[in-house]
Every structure is written in structure tokens, then in C-alpha cells.
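These are my notebook entries on a single protein chain. I set out to look up how the chain is built and what lies inside it.

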Amino acid sequence: MLKKTLFVSLAALALSTPAMAIEMPEDATVTFENESTAYPSYKFNQIMEAYGIELMPEYAGMVPKTYAKVGDGEAVFNDDNIAYPPTYYHNIFTAYGLELLPENAREILEVPSYARVVGDEVIFGDSVSIAYDGWAWQNILSAYTLIDSDGDGVPDIRDDCPNTPKGVQVNERGCWEFGNDLLFDFDKYDIKPEYFSVLDDTKRIFDLNPGLKLTVEGHTDSIGAETYNQGLSERRANSVMNYLIQNVGIDPASLDSVGYGETQPAYPNDTAEGRARNRRAQFTSNMQ
């Protein structure tokens, strides 16, 4: 899954779950109107995308049907000017991967008609539809954060590889990065020498994460028979796992491997570049 660049800043370090505050970039060409305005959802979505976030089709079912539906695998927006009650707005923001934490609502939010905090619970405003002005929207969104549970810099809603260990560099998919994944030549499963150093660094990651267990996943492109690709993906995963055991000194009990054949492409298989990037191995992790 390809991801947009996120314009983020660090949220409060006191949060138990890492989070990122969203910001409107200074050079954004689409933003909120100064006066109170009810927006068509296509325009509201453009503003959200200016913040660096998007509504994935699989989450469109969380928003009001008047805001978005799914058509041909994509979120489809309307051109009717509609205002919503605060609870509906919150559902929309949740679908974009945002969360309003009580401490942020208490310390940042200055729009009482939107929400207030009672005890440790965020209570949203009445069921009346409200069209907010630009200042109010900027304040409301400044209180929301993108949740990043594993602290890898990729928010959960975009993270294809949750539970990334400490000290790992990830790619735009939130997966352990070997340059641009650990890639193989066509119909090959031998590891290229350019990846030896990054695989050797795995020892450092294990030292930083006691109890870490890794699964090495092998993948292929879509060229060739499915049964052959399944076996090729398993050979790729085993090749990496054996290198970690024999050359890096990782305890075999901390590793296993699995092949997915061509069933989990990370990039489109209809281009040479996409197929090359799908001929890959990657790690998934869990902690004991």
C-alpha cells in the first residue's frame, strides 16, 4: 500500500501510545474558509489530504453515507454542502485514522460546542449540525493525533507491519527496511551481497529488544505459476532465515519463516518496477 507524505510533529512524550499531531503545511493550496461553512465532502476530503491524510476505502463504512461511499474500490465523495453534528465529524476523523485523546481535548481544544472532557472521557456536543469557521476547524484538528502504536513514524491506519521493534528503520509501509525491502532477482532466492550489512545489523535489533521473535516472509511477483511462486517465496524466506542463524548468530528459536507466493503484493504487478519490488523478503515481529 502506497502512502502519502505525512506532515507531522511529535506529540506529548507523556502519551503511553506514541502519536503524531497533524499540521497544515504552510504552502497548502486548499484550506478552511474563514467564515462558518458547510462543505461538500469532496472539498473537506481535499483539506484532509492537505493535512497529509486520506480516507482509505476499507474505512469508508465508518463515515456518514452522505459523506462518502465506496465505488469501484475507491472512496467516492459528494458535492453537496453538508454540516454534521460533532459526533459525526468525530466518526469522519476516526475513519481518517485520527484520535482525540482526553488530555489533548482538555489542554488544546477551545471549541466547547465540539467536545468537552468529563473525568477522563471526551463528551461530544449536541446532535445539532454545526458549520464551523476556519479558526475553529484548525483548533479542533490540532487536538487530534495520528496513533502510532509501535513508534516507527508510520500511523497505525497506514502501517502494514505493526509491532516494529525498537531501533528499526522502516519504509513508507511501516515495514522493516533494507534500503527498499530486501529484493531478489527474477526467479532467484540467493541474497545479494548489498544486503549483508543490513542483515548483520539484525543482531543489534535483537539486543535492543529482549524476547524478540521474527518471522521472515518471502514474496514473489505474479509472473509464473502460483504453485511455483509459492515454493520460490518459501526458498527466499528460508535463505534469509538461514543467513541470520549461520552468519549473524541469531538463536534459531527466535526465528521462523513463511512464504506467501504472489498472494500479498506490496506494489502493483502491472509494471516492471512494481514486480521488482514485490520480489522481496520482509520481517514481521512479536515480543514474548
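The entries below go from the whole chain to single residues.

**Entry 1: the whole chain.** I noted at the start that this is a predicted model. I counted eight helices and twelve strands in the chain. I then looked up burial and found that buried residues make up 47% of the 288 residues. For the surface, I recorded that the chain exposes about 14300 Å², and that carbon and sulfur atoms supply 49% of this area. I also looked at contacts with a separation of 6 or more, and residues 24 or more positions apart account for 65% of them.

**Entry 2: the nonpolar cores.** I asked which residues have the most contacts inside the largest nonpolar core. They are F93 and Y114, in a core of 38 residues. The elements giving two or more residues to this core are α1 (41-50), α2 (86-95), β7 (121-124) and α4 (134-142). Apart from this core I found another, of 24 residues, and V168, L183, I191 and V216 are among them.

**Entry 3: helix α2 and F93.** I listed the buried residues of α2 as P86, Y89, H90, I92, F93 and A95. I then asked which elements these buried residues pack against. They pack against α1, β5 (98-99), β7 and α4. For F93 I set aside its neighbours within four places in sequence; the contacts that I recorded are F44, M48, L98, Y114, W137, I140, L141 and Y144. Just after α2, I noted that G97 takes a positive phi of about 95 degrees.

Entry 4: The bridge partner of V118 is E121 in β7, and V117 stands opposite V122. Two residues lie between the strands of this hairpin, and G119 takes a positive phi near 65 degrees there. I next asked which side chains of β7 are buried.

Entry 5: I looked up Q282, which is found in strand β12 (residues 280-287). Is Q282 buried or exposed? Its relative accessibility is 5%, so Q282 counts as buried, the cut-off being under 20%. The side chains of Q282 and R280 are joined by a polar contact of 3.0 Å.

I then turned to S285, which is also found in β12. S285 counts as buried because its relative accessibility is 12%. I asked which residues S285 touches, not counting those up to four places away in sequence. They are N163, T164, P165, L212, K213 and L214. For the pair S285 and K213, I recorded a separation of 72 residues in sequence. In space, S285 and K213 are 5.7 Å apart, C-alpha to C-alpha.

How values were computed. Residues numbered from 1 in each chain as written. Predicted model: local features only at pLDDT ≥ 70, side-chain atom pairs only at ≥ 80, totals over all residues. Heavy atoms only, no water. Core = buried A, V, L, I, M, F, W, Y, C linked by side-chain atoms within 4.5 Å. Buried < 20%, exposed > 50% of the residue type's maximum accessible area, 1.4 Å probe, protein only. Helix = DSSP H or I, 4+ residues; strand = E, 2+ residues; numbered from the N terminus. Contact = heavy atoms within 4.5 Å. Polar contact = N/O pair within 3.5 Å; in protein donor to acceptor, adjacent residues only side chain to side chain. Pairing = 2+ DSSP bridges. Areas by Shrake-Rupley, 256 points an atom, 1.4 Å probe, with all protein chains shown as cover.
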